[in-house]
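Let's take a friendly walk through this structure. Have a look at it below, then read on.

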Amino acid sequence: MASQHPDIEKVLFTQEDIDGIVSRLGEEITRDYAGKDLVLIAVLRGAVVFMGDLMRKIELPTNIDFMAVSSYGDGVKSSGIVRIIKDLDIDIRGRDVLIVEDILDSGLTLKYLMKNLESRKPASLEVAAFLWKDVEDRTSAITPKYVGTHCPDAFVVGYGLDYAERYRNLPYLGILKPEVYS
Ligand code: 5GP
Ligand code: MG
Ligand code: MG
């Protein structure tokens, strides 16, 4: 196993855990999308690692594309403002679109994005979220069709997820020590 970064308080999911989770999602998607015109859309930058792993577990012809939106800035709290920074290069009309997201928290980012993509008339539009931070007395604005795993209500980094653009390359998912961002 990779050695633990000194800023990480606790590892939530190891590389092995993650491989098992993504393999299961890949199998489900392979089964559900057989015979369809699947397009995976990852939301930059956090979802690139999950996208890279997930696409290799899908045993179907698959197109990929990327979008970039901003909702969080460099901090740990949602700004509530969503901006499209990079749009799709491909046309999704009539195609089966699966949005690949790293983490779903309030779901406000994805809700906005889905409304926007829906207007382009895909045949179907669903979400695969690696993590779902669904906690009591706070529900997400959308419900993903595919969920890798549920996540505690803490600020997590690694496996694509950053704090101030750092830690994305950690191969595991962990909780940052509070002193790192206070
Ligand atoms: P939402 O709009 O669902 O509240 O937030 C979605 C985005 O916020 C995610 O795609 C991710 O970029 C960021 N985010 C939410 N929770 C966390 C977290 O615990 N850690 C990190 N690094 N980013 C998060
Ligand atoms: Mg994201
Ligand atoms: Mg971020």
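V11 stands opposite G174 in β9. This is a predicted model, where local features need pLDDT of at least 70 and side-chain atom pairs count only at pLDDT 80 or more, while totals for chains, interfaces and linings use all residues. Residues are numbered from 1 along each chain as its sequence is written, chains are lettered from A and ligands numbered from 1 in written order, and side-chain values use heavy atoms, leaving out hydrogens and water.

β1 pairs with β9 (residues 173-176) in the antiparallel sense, over four bridges. Two strands count as paired if DSSP finds at least two bridges between them. Strands here are DSSP runs of E with at least two residues, helices are runs of H or I with at least four, and both are numbered from the N terminus. Zoom out and you get an open, antiparallel sheet of three strands, in the order β1-β9-β8. Its edge strands are β1 (8-13) and β8 (156-157), each pairing on one side only.

## A helix across it

Helix α1 (residues 15-32) lies across β1 and β9, and runs at about 35° to β1. Contact means heavy atoms within 4.5 Å. The axes are lines fitted to C-alpha atoms, for helices over the stretch in contact, with angles running from 0 to 180 degrees between N-to-C directions.

## Around ligand 1

What surrounds ligand 1? There are 16 residues, and the closest are S106, G107, T109, V156 and D162; a residue counts as near if one of its heavy atoms lies within 4 Å. β5 (96-104) and α3 (108-118) each supply at least two residues of this shell, with the largest share, four residues, coming from β5. By class, the shell has eight nonpolar, three polar and five charged residues. Nonpolar means Ala, Val, Leu, Ile, Met, Phe, Trp, Tyr, Cys and Pro, charged means Asp, Glu, Lys and Arg, and the others, Gly among them, are polar.

An oxygen atom of ligand 1 is 2.9 Å from a polar backbone atom of D105. For A154, an oxygen atom of the ligand is 3.4 Å from a polar backbone atom. The protein covers 92% of the 520 Å² of accessible area that ligand 1 has on its own, as found by the Shrake-Rupley method with a 1.4 Å probe.

L44 and R45 are joined by a cis peptide bond, with omega about -5°. R45 lies in the loop between β2 (38-44) and α2 (48-55).

Over in the loop between β8 and β9 you'll find A164. Phi of A164 is near 50°, a positive value in a residue other than glycine.

Notes
A polar contact is a pair of N or O atoms within 3.5 Å; within protein, one must be able to donate a hydrogen and the other to accept it, and residues adjacent in sequence count only if both atoms are side-chain atoms.
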